Amino acid sequence: MAENNDYRKLSSFRSFINSIKVFVADDHCLFATGGGYSEEYSRFFFDDIHSLKLDISRFFAAWITVAAVFILFFWGVALFNDLTFFYYLSGILTLCLLWYIWNGPGTHLTVTTLTATKKIYFGRRRKALKAYRKLCEHINAAQGMVDQQELVNRLRASEKGFNI
């Protein structure tokens with residue numbers, strides 16, 4: 001029996017190598033990860049999701065440092081040898097570096113359930129935050145919210161049952 005789900009596109013990210021699309025139905029989300037000629041689909045029901053986590057890529061500062069070293073090297077070569085080609089090259093690298101900084105660091109969105117953990121590279125932080133917030137809204141609507149005092153009361157009640 002085929003399922004009839006009305007999917008709404010939540011977010012998408014496309015790079016040179018792969019693409020990621022997030023779709024939302026009434027009770028679950030679908031991650032479609034494609035690269036080349038294949039696609040991989042991962043479906044997570046909102047009731048089953050234990051956590052969503054955003055991880056910022058640790059290579060952001062490293063790439064900025066490497067690019068800055070190359071820019072300074074090409075600028076120094078151009079300054080001391082009077083070669084205009086290296087001025088242009090350092091200028092182009094500077095523009096690329098500024099564009100990279102403007103877009104922000106790459107971000108992984110990690111979805112954890114009882115049986116699986118899926119880590120999805122989600123491009124830049126702004127897109128990942130947008131998808132994260134919308135997914136949290138759907139998860140909170142499906143699972144419900146517990147206020148802080150009720151959570152403390154539940155924890156205290158569960159501690160009374162343990163005798164060590």
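A salt bridge is taken here as a side-chain nitrogen of Lys or Arg within 4 Å of a carboxyl oxygen of Asp or Glu. The model is predicted, so local features need pLDDT of at least 70 and side-chain atom pairs pLDDT 80 or more, while totals for chains, interfaces and linings use all residues. Side-chain values rest on heavy atoms, without hydrogens and water, and residues are numbered from 1 along each chain as its sequence is written.

The whole structure holds two salt bridges. One joins K118 and E40, at 2.5 Å from N to O. K118 lies in strand β7 (residues 117–124) and E40 in strand β4 (residues 38–45), so the pair ties together parts 78 residues apart in sequence. Strands (E, at least two residues) and helices (H or I, at least four) are DSSP runs, numbered from the N terminus. K118 is buried, at 18% relative accessible area. E40 is partly exposed, at 42%. Buried means under 20%, exposed over 50%, and partly exposed in between (1.4 Å probe, protein chains only). The other salt bridge links D55 and K53, at 3.9 Å from N to O. D55 is partly exposed, at 22%. K53 is partly exposed too, at 46%.

Strand β4 also belongs to an open sheet of four strands, ordered β1-β2-β3-β4 with antiparallel pairing. Pairing requires at least two DSSP bridges between two strands. β1 (8–14) and β4 stand at the edges with a single partner strand each, so one side of each has no neighbour in the sheet. Six bridges join β1 to the antiparallel strand β2 (residues 19–24). Among these strands' residues, F13 has I20 in β2 as its bridge partner.
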